[in-house]
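Open the model in your viewer and keep the selection tool at hand. This tour goes stop by stop.

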Amino acid sequence: MPTIVVDVMPKAELLDPQGKAVAGALARTGRTGFSSVRIGKRFELTVDGPVDDALKASVQEIAEEILSNGVIEDVVGIHYEVTNAELAAEASDAASVTEDGFGAPAGETH
Amino acid sequence: MRIGVITFPGSLDDRDAQRAVRIAGGEPVALWHGSHDLEGVDALILPGGFSYGDYLRCGAIASLSPIMTEVVAAANAGMPVLGICNGFQMLTEAGLLEGGLIRNDHGGFICRDQVLRIENASTDWTGEFSAGEEITIPLKNGEGGFIASDETLDRLEGEGRVVFRYVGVNPNGSLRDIAGISNERGNVVGLMPHPEHAVEPGFGPDTAAAMRSGVDGLGFFTSVIRRALVEA
């Protein structure tokens, strides 16, 4: 079953108070060298059927209209990934033909 | 005048809004988010609270409620709609008001009696005030920072659609101290502070005259009722 991952971030020009608080905690605990931290959201949408162009168009619309608010956020990535179980299956298939055990690339990205 | 107050899962101030309508002389009508029926009301209030636990974004899931189809249609047809706090967030998420609300710049939740300046006294919800008048009503939110693009802010200012501005202190990092705005027509108004908590002596903000005697929020509700009487 394919999983679709949508990444959303607060707009770059906006203050991200959550990220700022984390950056402050890093500095307080002596973890220096990080000039900023920003916090976004990752959505995982699992589908039962095939990932075709119609579904991709639907995901694009959902990402822009519901999962994000264009006034305050940007959709920074939509990734079509396969599940861990499928990855494992692919890896074991690949292991039979390659020495290093790494199989096909993990899903399609755009 | 019958004024509907919509209850969403996680609304907190729906009963307070109903009470404010009653004290102002109107008839409150409890409406439910899952319905498609506005029950013939003459105006609508989207109350404060934490609908759907603020999941996704404040007001985002509530803005997709069944009743919002009718709310959007009624608002576009001219029905007075007031969004308070979480209700304001819903109105921006529903596209009825411009801009958005983000986490307070200081990262904390804030609860205080807040001074506001009425910048536009000609909306459906501010007719009983005068432009430049200062009022004090409670403010309580974690994500009340109003933001919009410079272009949008300039347009809102130019069209007189900045209805309320914070005075004295900007409590949440809102751009240009904006506490509330309206749509072009002036029938849809949203603000982060809570007028419904300042409508009855003994239960409002402190004033110089007496503790908890502030009733500056009453004018919101009497404004919309007065307007309906004038138009009738």
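The stops below cover a chain interface and then one residue site.

**Before you start.** This is a predicted model, in which local features need pLDDT of at least 70 and side-chain atom pairs count only at pLDDT 80 or more, while totals for chains, interfaces and linings use all residues. Residues are numbered from 1 along each chain as its sequence is written, chains are lettered from A and ligands numbered from 1 in the order in which they are written, and side-chain values use heavy atoms, with hydrogens and water left out.

**Stop 1: the interface.** Select chains A and B. Chain B brings 13 residues to the contact and chain A brings 14 (contact: heavy atoms within 4.5 Å). About 1100 Å² is buried between them, 66% of it from carbon and sulfur atoms (buried area: accessible area, 1.4 Å probe, lost on putting two parts together, summed over both). Now pick Leu56(B), Arg57(B) and Arg103(B): these three supply 46% of the area that chain B buries against chain A.

**Stop 2: the salt bridge.** Zoom to Arg57(B) and Glu73(A). Their side chains form a salt bridge at 3.6 Å, N to O (side-chain nitrogen of Lys or Arg within 4 Å of a carboxyl oxygen of Asp or Glu). The rule finds 1 such bridge across this interface.

**Stop 3: Ser174(B).** Go to the loop between strands S9 (162-166) and S10 (178-182) of chain B; Ser174(B) sits there (strands: DSSP E runs of at least two residues, numbered from the N terminus). Is Ser174(B) buried or exposed? Ser174(B) counts as buried because its relative accessibility is 3% (buried: under 20% relative accessible area, 1.4 Å probe, protein chains only). Show its partners: beyond neighbours within four places in sequence, Ser174(B) contacts Gly144(B), Gly145(B), Phe146(B) and Tyr166(B).

Definitions and conventions:
Helices (H or I, at least four residues) and strands (E, at least two) are DSSP runs, numbered from the N terminus. Buried means under 20% relative accessible area, exposed over 50%, partly exposed in between (1.4 Å probe, protein chains only).
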